[in-house]
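Thanks for making time this morning. I would like to walk through a few elements of one model, so please have the sequence and the structure open.

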Amino acid sequence: MKFCILVLSLVLGLTGCTHVNKALNPASVALEDRKLNHTRAAIGLPVLPLDVSESATEIPTTSPIVATPLPTDDDGYFVGIAISGGGSRSANFSAACMFQLQKLGLLQHIDYISSVSGGSLTAAYYCLYGDEWNPENVQQRLTHSYASDVILQSAIPWNFLTLIFTDWDRTDLLAESFRAHLFSRNGKTLTFADLREDRPRLLINSTDLQSGRRFVFCNEMFDEINSDLSSYPIANAVAASAAFPIVMHHMTLRDFSTAYKQYRHLIDGGVTDNLGVETLVETYEGQLLAAAKKGEADPYPKGAIIIVIDARTTFNAQLADRGDIGFFDSLRAGTGLTSTSLLARAASATMADTVLKYASDDIDARTLRAQMKELETNGHVTMKGRSGKPARVVHLSLARVNELSNLPFASFSESVNNIATYFNIDDTEAYNLYKASELLINEKFAPVLEEIAGELEMQKPKLEIRRPNDESIPNEPMAK
């Protein structure tokens with residue numbers, strides 16, 4: 001009895017708003033004197049114009065938030081990957097697509113990865129690891145049963161008490177599972193300071209519960225709340241990005257920009273944009289505007305290439321062969337249908353908005369509708385952006401598996417569509433996602449992706465070979 005009272009006292013003593021982010025500067029430091037974050041998670045422009053729906057042409061000139069230096073780019077293109085939400089289905093499908101892009105020589109040119117929910121597992125893992133990024137290792141780690149971890153940990157008595165009496169919740173348990181199996185090295189928790197220099201810049205998207213606007217885990221937004229991004233665990237950012245309302249709790253950040261106790265409460269990034277594409281497009285547009293405002297050279301003179309990896313499916317036939325279903329199956333199916341429908345509508349609206357908002361000002365309605373139709377029908381489109389330069393969008397959608405002809409077995413499409421939006425996945429389901437990615441790219445997208453890869457490779461500066469007399473000649477391919 002005394003032991004139970006002691007445990008309960010310790011648990012109650014933990015009560016309070018749970019947050020793991022740390023202050024970057026003391027609140028007493030003047031705004032203009034505050035140091036800024038410098039991690040590989042950066043949008044490269046002041047945070048205020050990130051949402052440019054009202055005023056895309058205004059870049060604040062007086063702001064304590066200074067733009068992060070633009071990334072070095074040697075091919076002249078802004079190249080980004082956007083990865084959708086969708087639990088372990090998205091994590092494995094996006095990894096499969098990225099391995100195919102790597103095989104084509106395209107992944108090596110990516111400047112930014114913007115991710116949501118399950119896609120953030122893959123995005124963050126790629127941006128953290130070098131030799132460990134290989135099919136065997138990635139497949140083993142991304143098929144771990146993270147949802148089962150949360151359920152089992154919740155059943156442990158002392159965890160159960162903590163969940164009841166404190167602000168520690170299921171999202172914290174999910175973050176711990178991510179940390180243990182994906183985002184730790186030799187017992188050390190990996191943070192944003194551990195992002196690799198030879199990987200793209202990472203943009204993990206969540207939604208601010210108070211405002212309903214996107215919150216991106218990046219230098220600029222952590223500067224806004226005066227918090228140290230370099231010490232923040234990657235696992236917590238990914239869990240925040242995946243915290244779907246009702247099913248999971250929000251993730252809390254302390255706002256250190258003021259002496260008053262203020263907090264940001266973050267939920268699933270898919271609520272505002274389940275594809276992660278808007279953050280990429282606005283980063284590109286914002287960098288062009290910032291460079292023009294400062295009279296600097298165009299950072300991306302060749303235009304933009306955006307590849308969207310979308311793990312949405314079209315239907316769920318798991319209940320089709322059952323005359324009646326139990327309460328828990330009904331609850332699970334209803335929750336899944338609600339979340340899937342909501343995210344599907346958000347993603348569809350995002351794709352249409354992307355074409356509409358960033359089309360050239362002189363484009364007519366007929367051409368705009370034709371471009372939207374081309375993207376929907378073919379999965380890719382080339383359009384002229386507002387800057388007058390070409391913008392190419394490639395939409396690698398899992399839903400297109402229904403259009404493939406060379407399927408491995410008759411019910412393959414149905415099997416892929418039945419993979420749940422959940423953080424558990426079995427080996428067969430994961431294998432089918434890898435197979436779907438391979439078939440999808442080979443049958444539908446190989447020509448356009450190979451063309452893009454060729455253009456990017458052609459734009460790389462030629463290496464020079466020094467001769468003994470100090471003359472230099474371009475490095476040419478060796479004769480076969």
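Helix H12 covers residues 365-378, and at 1.5 Å a residue its 14 residues should span 20 Å, which agrees with the 20 Å between its end C-alpha atoms; the expected span here is 1.5 Å times one less than the number of residues, and helices (H or I, at least four residues) and strands (E, at least two) are DSSP runs numbered from the N terminus. This is a predicted model, in which local features need pLDDT of at least 70, side-chain atom pairs count only at pLDDT 80 or more, and totals for chains, interfaces and linings use all residues. Residues are numbered from 1 along each chain as its sequence is written, and side-chain values use heavy atoms, with hydrogens and water left out.

The buried residues of H12 are Leu-368, Gln-371 and Leu-375, where buried means under 20% relative accessible area, exposed over 50% and partly exposed in between, with a 1.4 Å probe and protein chains only. Seen down the axis of H12, these buried residues fall within an arc of 60°, so they line one face of the helix, the arc being that of the directions from the helix axis to the C-beta atoms. On the other side of H12, Arg-366, Arg-369, Lys-373 and Glu-376 are exposed, and just after the helix Gly-379 takes a positive phi of about 85°.

Next come the strands. E10 (residues 380-384) pairs with E11 in the antiparallel sense over five bridges, given that pairing requires at least two DSSP bridges. In strand E11 (residues 390-397), seven of the eight residues are buried, so the strand is largely enclosed by the rest of the structure.
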